[in-house]
Amino acid sequence: MAELKEADAAQLHQEDVDIKRGDGGGDAPSVGDQAAEQAVKTEAAADSDAKPSTTTPERHVSIQTILEGLEVLVDLNGAGRKSCPLCPEEKFKACYSHKLRRHLQNLHWKVYVEFEGQRMCICHLPCRNLKPSLSGDQASGRHVAHYHCVVCSVTIARKTDMVSHLKRHVNKGETEASYSGSADVPFEEPAPSGQAYEIMKELGTNVQLLPNHTTPQKSDTYFNRKMKTNRQLVFCSLAVLVEERNPLECLDAFGATGIMGLQWAKHLRNAVKVTITDISDTCIKMIKENCELNHIRVDGGSRGSRGPRGPDGAGSEVEGAPVATVEVVKMDANVTMHLWPFDYIHLDPFGTAVNYLDAAFRNVRNLGIISVTSTDTGSLYSKAPNVTLRHYGCHIVRTEYYRELAARMVVATMARAAARCNKGIEVLLAVALEHFVLVVVRVLRGPTQADESAKKLRKLVHCQWCEERVFLKQGNMVDDTLPCNCHGSLPGKTAVQLGPLWSGPLFNTGFLRRMLSAAVQHSMDDIQALVKNLICESDCTTLKSLVHGPSALTNQVECGVVIKTLQGGEESGPAEQSGKRKTGEESGNVVKRMKSDGSLDHPPFYYSIHRHSIRGMNMPKLNKFLQYLTEAGFRVSRTHFDPTGVRTDATLEQFKSVLTKYSVPTNTNATQTSVSTENTL
């Protein structure tokens, strides 16, 4: 404590010397003042070497470790009035020691922000520069209370902003020791808005984010944290394709921050050749910076003159061996897909993706995969029917199964785009959640496959009264198709035609099982429950005993895709291990296997148990009701589209009959209680 007081006394002496020099009217300092100043600096340096000082020259006086550190700034044991070291004279006048001690404790110490043992107390000194007025002079007014950052010495007014600022230091790996140990360590790189970048980590990949990354209208590098599920599902679908053949040429057509392509390259390494493209210069710059942040080499011109190879014309490499290589291209997505073929294409624009489907299907390789993420939920979920008709060419109304309706509408649009290129599709996965619709399809070349896919585009007949629905077959009348009798019992037109929609299956069981294995392998715990639900929905069963490991993979031979099991991979010859393409005969066998798998299709659409509940009756629990439907001989499962939905091959009349049979009147318990009371009396 004595040494601490000596250091503080030396600093106060230095401040007195500066004040006297300023009062001298700008005269040159005397020899005695220079000698005293040098002695003070020498003494302070010796004290700082002997012990950790709480008021080093690089650190503001408001940053302390204990409350006594504030009190020693002023000699509280002495007599007379004393001023606050953290407040100007016009804000807090000089007072006696007991009042000043209470002021330091209640005003400055209680509202501190702690970081690595250092406590940043609130400061009222005129440290922050006031904003200039329109005339160019500084605006007159009171100074705002603020905090001094212990890492970079920046001043921030609000406590919550200081906490967020310190979190960004932690995300970038900057601490007090690392920052003060080297004077040339840069501060957070300033963004165009003058604020600092934010670093976010997802699936082991670090990406820099602009401060306005959540506002797509104001930021080119838009990033949505809620789309983490979508990114993990896309990653697992790519990992399944890598098991079939590699190396793959993959395209992330709308890079933004580049997080999706970086995750592919970082985890799949040499099995994929990732290309990230974007039309914005800001996005391209940030993608390259994120590549360096994840030790990934940037290649900008491996296929001719695709674009610049880096900031200075060469591929930018980080220190040490890069973990992977990513090709970053500044080009429109349509142009990129028209110029070069790919095995895997992911489209995730802001809004609808219908403008990019023709280019995607034109150059995708045979048995390749195209994944499309649509975020225009306003048109997909029947909130803007005119936009739906303009973009997707479908007529829809609001129904209880509107999410599956949106997924089938996107698949139908993709099937038409593929048919224009003489290609067909096989739907591997279709997910519709609150804020996006994800569809993953496999591309099958040939006019025969295109005709088979086009035959699955049908109109849907929907009853607006009871919400019964059925796909319309060619040559049938609308009123003769629906199994309900609402047309005969109710006046007016009750049935409407929706679509055209995709009438085929939305899931591939074998593909989903291998996606689950990939999710377990890469520790994606967030989507494992969702994928298990999709597997049960694909099989239309309530069984949830899923096996992970070799046994789960060896049973997927008949699921409609080329499956490389663990045993098959070990026994494969050198031709397969070299990563060559499948021959024409093998591709034909795949198509035949897909045709023979049509009997496993799940029933289309689902019924909501709450929508069809009976007034005055207590419904059974959902799991119990599924058991009752199974005992009645129907295929049933839950659906991810609606937590209260039941996917079944039963008609609506049969569904309601089972629900009515096992529902209990609401006043049954009250009646039984009254009868037992009368018997007791």
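**Rings, charges and a hairpin**

Ring pairs join Tyr401, Phe471 and Phe605 into a cluster. Here, rings of Phe, Tyr and Trp (its six-membered ring) pair if their centres lie within 6.5 Å; planes under 30 degrees apart count as stacked, over 60 as edge-to-face and the rest as tilted. Before going further, a word on the model: it is predicted, so local features need pLDDT of at least 70 and side-chain atom pairs count only at pLDDT 80 or more, while totals for chains, interfaces and linings use all residues. Residues are numbered from 1 along each chain as its sequence is written, and side-chain values use heavy atoms, with hydrogens and water left out.

Back to the rings. The structure holds 10 aromatic pairs. Take Trp264 and Tyr344: the ring centres are 5.7 Å apart and the planes stand at 85 degrees, so this pair is edge-to-face. It links distant parts of the chain, since Trp264 sits in helix α8 (residues 259–268) and Tyr344 in strand β12 (residues 342–347), 80 residues apart. Helices (H or I, at least four residues) and strands (E, at least two) are DSSP runs, numbered from the N terminus. Trp264 has 0% relative accessibility and so counts as buried; Tyr344, at 0%, counts as buried too. Buried means under 20% relative accessible area, exposed over 50%, partly exposed in between (1.4 Å probe, protein chains only).

Next up are Tyr607 and Phe655, a tilted pair with 5.2 Å centre to centre and 35 degrees between the planes. Tyr607 belongs to strand β19 (residues 607–608) and Phe655 to helix α25 (residues 652–661), so the pair ties together parts 48 residues apart in sequence. Tyr607 is buried at 5% relative accessibility, and Phe655 is buried at 0%.

A charge sits over a ring if NZ of Lys or CZ of Arg is within 6 Å of the ring centre and within 35 degrees of the ring normal. Arg408 puts its charged end over the ring of Phe605, 5.1 Å from the centre, and Phe605 is one of the cluster members we began with. Arg398 does likewise over the ring of Tyr402, 3.8 Å from its centre.

Finally, look at strand β14 (residues 423–432): 10 of its 10 residues are buried, so the rest of the structure largely encloses it. β14 pairs with strand β15 (residues 437–445) in the antiparallel sense over nine bridges; two strands pair if DSSP finds at least two bridges between them. Lys423 stands opposite Arg445 in β15, and the two strands form a hairpin with four residues between them.
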